[in-house]
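Please open the model in your viewer and have the selection tool ready.

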Amino acid sequence: MMIDGHVPATHIAAMETMILEFLIPQPGFMGPLFTVLVLALVLDAVCGDFPWLFGRVPHPVVWIGNLIDWFEKRLNKPRYGNSNRFLRGSLTSLAVIACAASFGGMIQLISSFGDVFRFADILLLAILIAQKGLYQHVKDVSVALKRDGLAGGRAAVSMIVGRDPQSLDDAGVSRAAIESCAENFSDGVVAPLFWYVLVGPIGLCAYKAINTLDSMIGHRSDRYLYFGKFAARLDDVANFVPARIAGGVICLAAVMGRKTSGAHAWKIMLRDASKHKSPNAGWQEAAFAGALDLSLAGPRQYGAELVEDPYIGDGRRDADASDIDRALKLYTTACILNAAWPVVLKMMWVSL
């Protein structure tokens, strides 16, 4: 049972630890790989964003962001034509990804020296996955709404969404927090694990660079429409498979919940995923909407711009803090299932 205001990290860690019995290294690469995976997920569930470390040194994503900013300030000038800016933005993206992948390659080389050196892999994955950090940020919104009312909820949700918080009422704040939880489950939890399984530390670091590029320059504003177009399209490609895995995991998690509907989550996901302007984010958001019987997305205010997006889901629009808590229970179950699927793959591999 979750205690209001506290992250159920021990719950996630305990259930993930239960599957460690499957992870005794086997001949070949699969045993060590999955040992690294689950140990990293447990470490993230316990340590979260490593505030004791990254309060003293910059987070790797901060380094990536600083590199993007360095290139952008020098290469993205208004006087350049659209084609020129697209080319410069593409080269910026490739350079940043190459730097991040090179760092991942160094970690991969260190880990190849033997079992004891695989702690480098474990630490890297634990740092670059965000299951506990996302939980904490979304839970902060629920706590603030209950404790400080609308003003507190607006302040808390402004930390995780880009829309104008002053345009949101209680229901708008609650829906925004739930939408952020849904979308970032793929970007922050499923996709990093997916790319690590597929390519190792190189794939993990390259993915985080792509995702950071998209968040910084992959916008449709005048400044970034052409300079960030390559980054935005690359992010769509990198998240295509993970987003659909995330949607399926959420539906399965909804089956296991007492106050969620897996069948409705599946129905709404298949029906409404394409309504989202992103080719990927709609899968997780629609699954959450169906599981919780809510309507998410809809018209939203970004500064002076009103974005008339359609609603996703056919449930209530008047969400509140209790719905955020329900969403977090669904998210917690989805994180546990996300930790389990590599174990299933390992068992299938061993049985071959």
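Select serine 186 first: leaving aside neighbours within four places in sequence, serine 186 is in contact (heavy atoms within 4.5 Å) with Ala191, Pro192, Asn239, Pro242, Ala243, Ala246 and Gln284. Serine 186 is buried, with a relative accessible area of 0%; buried means under 20% relative accessible area, with a 1.4 Å probe and protein chains only. The model is predicted: local features need pLDDT of at least 70, side-chain atom pairs count only at pLDDT 80 or more, and totals for chains, interfaces and linings use all residues. Residues are numbered from 1 along each chain as its sequence is written, and side-chain values use heavy atoms, with hydrogens and water left out.

Next, select the helix that holds this residue. Serine 186 lies in helix α8, a DSSP run of H or I with at least four residues, numbered from the N terminus.

Axes here are lines fitted to C-alpha atoms over the stretch in contact, and angles run from 0 to 180 degrees between N-to-C directions. On the α8 side, the contact is made by Asp187, Ala191, Pro192, Trp195, Tyr196 and Val199; on the α9 side, by Pro201, Ile202, Gly203, Leu204, Tyr207 and Asn211.

Finally, select helix α7 (residues 131-157), whose axis comes within 10 Å of that of α8 and crosses it at roughly 170°. The two helices are therefore roughly antiparallel, a term for angles over 145 degrees. Among the α7 residues that meet α8 are Leu134, Val138 and Arg154; the α8 residues include Asp170, Cys181 and Phe185.

Notes: Buried means under 20% relative accessible area, exposed over 50%, partly exposed in between (1.4 Å probe, protein chains only). Angles under 35 degrees count as roughly parallel, over 145 as roughly antiparallel, 65 to 115 as roughly perpendicular and the rest as oblique.
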